[in-house]
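Subject: Handing over the model

Hi,

Here is the structure I said I would pass on.

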Amino acid sequence: MSVLDIRDLTVEFPARKSVFVAVDDVSLSIEAGKILGVVGESGAGKSTVGNAVIGLLQEPGHIAGGEILLHGQRIDQLPYKQQRLLRGRRIGMIFQDPLTSLDPLQTIESQLVETIRTHLSLSARQARKRAVELIDAVGIPNPEERIGQYPHQFSGGMRQRVVIALALCAEPELVIADEPTTALDVSIQAQILELMKKLCSERNVAMMVITHDMGVIADITDHVAVMYQGKLVEYGETTKVLGAPEHPYTQSLISAVPRPDIKVDRFPVVNYIEAAGTPQRQIDISTHWLGKARDFSEISGPLVRIRDLDMRFEVRGSIFPSRRKYFQAVKSVSFDIEQGETFGLVGESGSGKSTIARMVTGLYQPTSGSILFGETDLTSLKNRRDVLAMRRQMQMIFQDPYSSLNARMRVSEIIAEPIRFHKLASGNAEVRRIVDDLLDHVGLGTAAGQKYPHEFSGGQRQRISIARALATRPRFLICDEPTSALDVSIQAQILNLLKDLQEELQLTMLFISHDLAVVRQMCNRIGVMRHGELCEVSGCDQLFEAPQHAYTRELLTLMPSMELLSRANLEGA
Amino acid sequence: MIGFATRRFAQAMIVMLVVALLSFTMFRFVGDPINQMVGIETSLEEREALRERLGLNDPIPIQFYNFLSKAVRFDFGTSYQFRQPVSDLFAKRIPATLELSFTSALFALVVGVPMGIFAGLNRESPISKLFLSVSLIGISLPTFFIGILLIFLFSVTLQWLPSFGRGETVQIGSWWTTGFLTVSGLKALILPSITLGLYQMTLIMRLIRAEMLEVIRTDYIKFARARGLPDRLVNFRHALKNTMVPVVTITGLQLGAIIAFATITETVFQWPGMGLLFLQAVQNVDIPIMSAYLLLTAFMFVAINFIVDILYFLIDPRLRVGRP
């Protein structure tokens with residue numbers, strides 16, 4: 001008998017004038033000791049399924065139809081108090097962001113003990129003993145000592161272990177994990193997934209893993225349910241669904257996943273999900289403002305040469321130099337970026353890759369070392385006019401499309417600002433024409449100019465960012481995790497756009513990402529960073545097929561395996 | 001922790017020095033102190049002798065030093081109007097002001113905190129909406145008007161409570177007088193402390209409500225619910241404690257404000273406290289009292305801020321315990 005049975009579940013959110021159906025007639029079940037993956041893109045309703053099961057639907061959402069059974073017993077209609085007793089006791093939950101899931105003012109011990117004592121009748125001492133055992137079981141070293149600490153004293157991965165321990169406090173039969181590894185680095189992700197898999201089979205727990213990440217699905221799940229706009233489009237054994245997807249949505253979703261094992265020239269365009277934009281009026285770059293009059297000085301050799309770059313931040317200030325403490329974010333890094341190539345920088349969070357981007361653009365002043373752009377050393381520029389001239393040639397695209405656009409400016413103004421600032425056009429009429437062309441070219445359409453950023457989705461906003469970056473007619477583009485906040489299908493579109501633009505405009509790119517698969521698709525050469533040091537620089541294929549540095553090899557083995565995923569769609573692309 | 005406390009203490013000292021300088025400047029340079037002290041018929045020689053005796057001919061830094069060394073011994077000179085040492089006058093008045101301030105602060109906390117918690121947790125309830133509308137009155141009506149309104153209602157019309165003064169007081173120790181121990185003293189406290197505390201109460205209530213709404217949305221509260229913890233634990237142990245840092249800040253500052261700005265309430269209720277003394281001093285250009293009042297209120301603000309800073313450490317482990 002299955003642990004969890006969801007039958008024809010429908011969840012509705014009444015809005016002012018209409019009713020939004022977040023989950024539409026979904027039926028699922030999980031056996032003990034098995035892992036079910038629920039996959040879909042943002043807004044597919046996958047988290048809502050999890051919240052409905054645990055009885056924590058956000059107001060005014062409610063279950064409008066269907067039933068939820070736990071071990072054959074109906075739980076969706078229980079009164080509030082009994083439903084609360086179910087939570088934690090029989091159903092555990094793991095949240096996405098370990099940094100915010102724990103109460104910052106309470107020790108780990110008090111949070112564990114209060115949860116244990118809520119559900120099991122144990123004395124304070126027994127509860128503490130159990131808490132220590134749990135902390136040990138989730139793989140935190142020194143449990144006796146660490147249990148008395150506060151959440152901020154743990155790293156992100158360790159905190160997620162604590163969250164898992166909390167979810168397992170009272171031996172629940174079912175655990176719902178909502179994006180359990182999305183906020184973590186690959187190496188930590190691999191460890192956490194390993195741990196979840198182990199606990200699941202050891203304790204015979206049924207687990208529902210909600211994620212947008214196909215890699216996670218392929219890695220740990222036994223069954224998978226694919227959701228699209230609240231509906232279940234495909235459901236079955238993971239090997240079958242990923243290896244031979246039947247539904248066109250699943251097919252396109254899988255084909256959009258960047259793969260570390262195969263290199264493709266372009267990502268297959270997935271029109272099933274979000275239209276790539278209004279029909280584009282392509283402009284002829286060779287005659288257009290954007291392409292011509294690129295009055296750059298001729299450069300022979302690499303465009304950017306970085307030599308012995310160092311950056312340290314003061315962690316503790318003091319008037320005595322000997323008492324100051326520093327954090328070395330970047331340690332003597334040197335590399336070249338050839339003209340017209342895409343140079344990738346990969347590494348985990350805190351490895352210093354974004355710090356390098358900021359030094360190149362001049363947002364940070366390096367502690368020592370030089371950044372040569374052509375023949376000019378960017379670190380020695382004093383004159384404001386020279387600095388501006390350099391900045392015009394390089395532009396940056398940021399990670400978060402939500403906070404990198406000024407919410408109070410119209411899109412056309414956002415894009416026109418750099419043109420006006422650098423006086424690149426002769427009059428208002430010309431500026432307007434250029435802005436319209438840019439909007440068309442990045443696939444948004446001229447009408448988008450009159451709107452404000454909040455009217456666009458994440459992917460569309462990233463297109464606006466790209467248009468803004470192109471507006472100074474740069475020759476060098478720095479992309480700092482440009483797609484990590486986006487769904488895979490949107491990511492595929494944005495990456496395609498970047499590739500096209502690079503080809504048309506002969507752009508040189510510095511592409512920063514934590515995602516090896518994306519880097520493989522985008523870059524000609526790749527540098528691997530760790531703790532502020534550059535471990536290895538090599539050509540893309542060489543890095544993936546014959547990695548030199550031990551850390552690179554480690555990173556590659558940690559990546560979720562994509563072997564299961566169907567190759568069918570890729571071959572045609 | 002000790003380093004932090006020392007730093008804050010040093011900053012507090014700097015603030016006090018600056019205030020003392022202001023206070024000294026006022027004392028020394030607003031009008032001629034001799035003219036304020038003596039009558040018209042005093043001869044020039046006598047004036048000069050007095051000037052010499054009071055040290056007004058000394059270089060300015062020495063005068064400031066003397067002023068400071070006297071101030072730390074609570075010697076602020078002699079009041080022009082009462083011909084009594086300023087410190088004696090304040091000693092008589094301070095208990096009245098402190099008792100009034102603490103009662104109204106207590107009122108603001110005891111009523112404001114539960115109302116804020118309730119309104120934060122039951123956002124849609126009609127009672128919360130009632131609290132909010134009523135609190136708008138507390139914020140928008142000026143203090144003196146509320147005071148007069150209360151006097152009109154409870155003293156004039158209903159004749160339940162006295163309209164002015166402290167009632168009977170009891171002497172404790174050498175200089176503290178308290179109204180807490182007599183019925184008339186307690187009755188006399190009610191109206192002025194409500195008047196003084198109403199604004200703070202609404203402020204605290206709205207602040208706690210806003211903070212609660214914020215905290216309730218966080219992941220750790222959702223996670224606490226998902227672990228099946230009873231509402232009592234979720235709301236009080238997890239949510240309330242996390243709203244405390246801003247609440248402690250504002251409450252501390254407001255306590256300072258209550259003490260410093262009791263002036264209006266004390267005037268309306270003819271409450272024999274420091275504020276009333278100060279107001280009379282302003283009317284009579286009694287500079288020693290004014291400068292002493294300035295120093296005293298500044299001292300209370302600084303002391304309360306210092307305590308608030310230390311409280312942060314007790315509340316928030318992120319400040320107390322470093323990262324590994």
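Let's start with a helix: in α1(A), the buried residues are A:K46, A:S47, A:T48, A:V49, A:G50, A:N51, A:A52, A:V53 and A:I54. "Buried" here is 20 or more other C-beta atoms within 10 Å of the residue's own, "exposed" is 12 or fewer, and "partly exposed" is in between, with C-beta atoms placed from the backbone. That makes nine of the nine residues of α1 (residues 46–54) of chain A, so the helix is largely enclosed by the rest of the structure. Just after α1(A) comes A:G55, with a positive phi of about 80 degrees.

Before I go on, some housekeeping. This is a predicted model, where local features need pLDDT of at least 70 and side-chain atom pairs count only at pLDDT 80 or more, while totals for chains, interfaces and linings use all residues. Residues are numbered from 1 along each chain as its sequence is written, and chains are lettered from A and ligands numbered from 1 in the order in which they are written. Helices (H or I, at least four residues) and strands (E, at least two) are DSSP runs, numbered from the N terminus.

Most residues other than glycine have a negative phi. A:H71 has a positive one, near 50 degrees, and sits in the loop between β4 (62–70) and β5 (73–74) of chain A. A:H531 has a positive phi too, near 45 degrees, in the loop between β19 (525–530) and β20 (533–539) of chain A. A:H71 is partly exposed, with 15 other C-beta atoms within 10 Å, and A:H531 is also partly exposed, with 15.

Next, a sheet. In chain A, four strands make an open, antiparallel sheet in the order β12-β11-β14-β15; strands count as paired if DSSP finds at least two bridges between them. β12 (325–337) and β15 (376–377) of chain A are at the edges with a single partner strand each, so one side of each has no neighbour in the sheet. β15(A) pairs with β14 (residues 368–373) of chain A over two bridges, in the antiparallel sense, and A:F373 has A:T376 in β15(A) as its bridge partner.

Last, the chain contact: 24 residues come from chain A and 22 residues from chain B, counting residues whose C-beta atoms, placed from the backbone, lie within 7 Å. On the side of chain A that touches chain B, α2 (80–86) and α3 (108–119) of chain A each supply at least two residues, and α3(A) gives the most, with four.

Cheers

How values were computed. Two residues are in contact if their C-beta atoms, placed from the backbone, lie within 7 Å.
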